[in-house]
Amino acid sequence: MNLSISSAFDGGNIRLVAIEGNRIDLEIVNDHQSDFYQWFYFRLTGAEGEPVELRIVNAAGAAYPLGWPGYRACMSYDRDYWERVAETRYEDGVLTIPVTPASNSVWFAYFAPYTMERHHDLIAEAADHPWVEYRSLGQTLDGQEIDYLQIGEGPVQVWLYARQHPGESMAEWWMEGALEKLLDDADPVSRRLLTKATFHIVPNMNPDGSKRGHLRTNAAGVNLNREWHDPSPERSPEVLYVLREMDKIGVDFAMDVHGDEAIPANFLAGFEGIPSFKRSQQDLFDRFSEELVRISPDFQTRQGYEIAKPGQANLSMSTAQLAERFGAVSMTLEMPFKDNDDLPDPDEGWSPDRSRLLARSCLDALHAMIDALPKRR
């Protein structure tokens, strides 16, 4: 076999350690200037019809090792349809992906990638739509644009932003689904939402990390979701420019879209513990959550993160900062890298399609309770 491994492409990440027969030892590369790693995306060539063992030998040192048990790697021949490798296993600190490829060219990833090239296509299509106002809010440290879309004319100011952590690519698949729904002139929910709210959308908060193949940080090795209390042009221009725009416009409802490595479920995290916590604010958060449970079998409230105690919210994180700064109903949506164990899919696990569909359900839930939200103008 003339086996070869490569990752020198948009979002790629892997390092070849050794090839011994049909066993290929690999390592995930750290985010630049950071200890974080877990995202991988690479190509295998030359293995058609041959059983191969791909072994990620540094898996135990990844940012979230609890993400490996029960995880199944994503594999694609056309980079469009991503299936799960059912035989993926995690033992003795090594993640092993045993496969017999049906082609001499096959791609593997932690989750179905959402590349910067696809992001540019998403922005180009949206910006060309007559309902959309496009602007760049500024540039990243690598010189990429921070793309911003405004849609609607209603008084409720809604912010949707995703991919502060670039390896959580399901977040931008979610964004694609949200934009598809909002720009569908045949969808009555979207038509009504756009009269009641103005949507401010940042589909990718971290273009540099996305292109570099990072898990969690930007070009400076900074976790953007720990910068919202004091962003700077040197460390976190992405947060600085988005927060400046929020300060100009205001925020009534905000959703920060993420992925979680370990928990096999979709869930929300809120702003409990902020200094200015109000019961009325929490009631609106709970109302949205209840509506989403009612609408989508893919959403639940039994599993999630530990709730912060009074006065102990982390205001460097966007959800807490926006709730405190604006009195907003803000939340973090987490989707799984693994699968939704309440409604599993043996072939694809949690997938791009399910991420897009969950976005539609989130907008339906917002529509169901939007009249209860405060109006900024």
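Buried residues make up 59% of the 377 residues in this protein, where buried means under 20% relative accessible area, exposed over 50% and partly exposed in between (1.4 Å probe, protein chains only). This is a predicted model, in which local features need pLDDT of at least 70, side-chain atom pairs count only at pLDDT 80 or more, and totals for chains, interfaces and linings use all residues. Residues are numbered from 1 along each chain as its sequence is written, and side-chain values use heavy atoms, with hydrogens and water left out.

**Exercise 1. The overall picture**

Task: Find how many helices and strands the protein has, and decide whether its radius of gyration agrees with that of a compact globule.

Solution. Step 1: Count the elements. The protein has 8 helices and 17 strands; helices (H or I, at least four residues) and strands (E, at least two) are DSSP runs, numbered from the N terminus.

Step 1: Look at the extent. Along the principal axes, the C-alpha atoms fill a box of roughly 65 × 45 × 40 Å.

Step 2: Compare with the rule. The radius of gyration is taken over C-alpha atoms, and the globule rule is 2.2 Å times the number of residues to the power 0.38. A compact globule of 377 residues would come out near 21 Å, and the protein has 21 Å, so the two agree.

Step 3: Check the contacts, meaning heavy atoms within 4.5 Å. Among contacts between residues at least 6 apart in sequence, 76% join residues at least 24 apart.

**Exercise 2. An open sheet and its edges**

Task: Work out which strands stand at the edges of the open sheet of 5 strands.

Solution. Step 1: Write down the order. The sheet runs E1-E4-E10-E6-E7, with antiparallel pairing; two strands pair if DSSP finds at least two bridges between them.

Step 1: Look for strands with a single partner. These are E1 (4-6) and E7 (83-84), so one side of each is left without a neighbour in the sheet.

Step 2: Zoom in on one pair. E1 and E4 (residues 41-45) run antiparallel and are joined by 3 bridges, with Ser-6 opposite Arg-43.

**Exercise 3. Two covered strands**

Task: Explain why strand E9 (residues 94-99) is described as largely enclosed, then look at E14 (residues 197-202) in the same way.

Solution. Step 1: Count in E9. Here 6 of the 6 residues are buried, so E9 is largely enclosed by the rest of the structure. Val-94, Thr-96 and Pro-98 point one way and Leu-95, Ile-97 and Val-99 the other.

Step 1: Find the partners of E9. Strand E5 (residues 52-56) pairs with E9 in the antiparallel sense over 5 bridges, and Leu-54 stands opposite Ile-97. Strand E8 (residues 89-91) pairs with E9 in the antiparallel sense over 3 bridges. The hairpin of E8 and E9 has 2 residues between the strands, and Asp-92 takes a positive phi near 55° there.

Step 2: Turn to E14. Again, 6 of its 6 residues are buried: Ala-197, Phe-199 and Ile-201 on one side, Thr-198, His-200 and Val-202 on the other.

Step 3: Find the partners of E14. Strand E12 (residues 145-152) runs antiparallel to E14 with 4 bridges, whereas E13 (residues 156-162) pairs with E14 in the parallel sense over 6 bridges. Ile-151 has Phe-199 as its bridge partner, and Leu-160 stands opposite Ile-201.
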